[in-house]
Amino acid sequence: IKPARSFRKGALIKVNREAYESSLEAMASDQPAPEYIFEGPGELLVLRGDYAQVRWRLPVPDVWLRVDQLEAWS
């Protein structure tokens, strides 16, 4: 397991496909994750422990994801 990256509020991120698809959260979901989470950018709103709240630049709800599933958007 890679150490969690240190992100700051307001950082632009995307979800690491490999880390997410092998996670418990992905296995518990009914459908595949939408492509936009892997393309980014999402903005970090809140960081709490191992989780971050992410807002996408689309009309979709904010989501909580594990920080170790995120990477910087470029």
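Two strands count as paired if DSSP finds at least two bridges between them. Keep that in mind for the views below, which come from a predicted model.

**View 1. An open sheet built from 5 strands.** Reading across the sheet, the order is β4-β3-β2-β1-β5, and the pairing is antiparallel. At the edges you'll find β4 (63-66) and β5 (70-72); each has a single partner strand, so one side of each has no neighbour in the sheet. Going from one strand to the next, the twist averages 50°. As for what holds such strands side by side, strands of a sheet pair through backbone hydrogen bonds.

**View 2. Where β1 meets β5.** Here we zoom in on strand β1 (residues 12-15), which pairs with β5 in the antiparallel sense over 3 bridges. Look for Lys 14: its bridge partner in β5 is Glu 71.

**View 3. Tyr 36 and Trp 56, an edge-to-face pair.** The count of aromatic pairs comes to 2. In the pair shown here, the ring centres of Tyr 36 and Trp 56 are 5.6 Å apart and the planes meet at 75°; planes over 60 degrees apart count as edge-to-face, so this pair does too. Tyr 36 belongs to helix α3 (residues 36-39) and Trp 56 to strand β3 (residues 51-56), so the pair ties together parts that are 20 residues apart in sequence. As for accessibility, Tyr 36 is partly exposed, at 24% relative accessibility, while Trp 56 is buried, at 5%.

Conventions
Residues numbered from 1 in each chain as written. Predicted model: local features only at pLDDT ≥ 70, side-chain atom pairs only at ≥ 80, totals over all residues. Heavy atoms only, no water. Phe/Tyr/Trp six-rings, centres within 6.5 Å; stacked < 30°, edge-to-face > 60°. Helix = DSSP H or I, 4+ residues; strand = E, 2+ residues; numbered from the N terminus. Buried < 20%, exposed > 50% of the residue type's maximum accessible area, 1.4 Å probe, protein only. Axes fitted to C-alpha atoms, helices over the stretch in contact; angles between N-to-C directions.
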